[in-house]
Amino acid sequence: MKILFICTGNASRSPAAETVLKKLIADNNIEQVEVASCGTKVPQGLVREEIMCRIAAEYGYDMGGSAVPASETLLNSADMIIVMTERHRTEVSRLLKYDCWNRIFRFNDYCFGEPVDLPDPHYQTEHVYRTCFATIEQGCKEIFKKLK
């Protein structure tokens, strides 16, 4: 199974989710689950946001690297696509084959049963980043429960 997280720039939300879920899977010796992330609008050479990397590190997660742009190939290879907002669902739908649209889930819907977007912390206060990270970590724990 391949799970793909998607946000706009692949600089904070989706890579944080990728990092947390990967660690949960590795720590519990779960095999045959691949986790990745990408962004719908990734500028050339964009790296992960320092503030989110720092917060993740405080909680024991190693998040870094460069942002990855969404592509048809990447999207069509995923068994489950978890987007952060409804706008991301629309953008992903443009690249994904129609018969794969049922693979798209919004993060808060899937994890908590809440029909709301996960707001982008970009250019916000550190408190907003911390709140976003806490939501992502808890959501990934819910995803992990469903995987088991």
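Student: In this predicted model, how many bridges join β1 to β3, and in which sense do the two strands run?

Tutor: The model is a predicted one. Strands β1 and β3 run parallel. One of the positions that define this pairing is L4, whose bridge partner in β3 is I81. The number of bridges joining β1 to β3 is 4.

Student: How many residues of β1 are buried, and which lie on each side?

Tutor: In a regular strand, side chains alternate between the two faces of the sheet. In β1, K2, L4 and I6 are on one side and I3, F5 and C7 on the other, with both faces covered. The strand is therefore largely enclosed by the rest of the structure, the buried count being 6 of 6.

Student: Which residues of helix α2 are buried, and what covers them?

Tutor: The cover over the buried residues of α2 includes α1 (13-27) and α6 (126-147). Just after α2, G60 takes a positive phi of about 90 degrees. Within α2 (residues 50-58), the buried residues are I51, M52, C53, I55 and A56.

Student: Is T85 buried or exposed, and with which side chain does its own side chain make a polar contact?

Tutor: T85 is found in the loop between β3 (80-83) and α4 (86-95). Its relative accessible area is 10%, under the 20% limit, so T85 is buried. Leaving aside residues up to four places away in sequence, T85 touches R13, R106, D117 and L118. The polar contact of its side chain, at 2.8 Å, is with the side chain of H88.

Student: How many disulfides does a search of the whole structure find?

Tutor: A disulfide is a covalent bond between the sulfur atoms of two cysteines. For C100, the nearest cysteine sulfur is that of C38, 14 Å away, and C100 is in no disulfide. The search of the whole structure gives a count of 0.

How values were computed:
Residues numbered from 1 in each chain as written. Predicted model: local features only at pLDDT ≥ 70, side-chain atom pairs only at ≥ 80, totals over all residues. Heavy atoms only, no water. Buried < 20%, exposed > 50% of the residue type's maximum accessible area, 1.4 Å probe, protein only. Polar contact = N/O pair within 3.5 Å; in protein donor to acceptor, adjacent residues only side chain to side chain. Contact = heavy atoms within 4.5 Å. Disulfide = S-S within 2.5 Å. Pairing = 2+ DSSP bridges.
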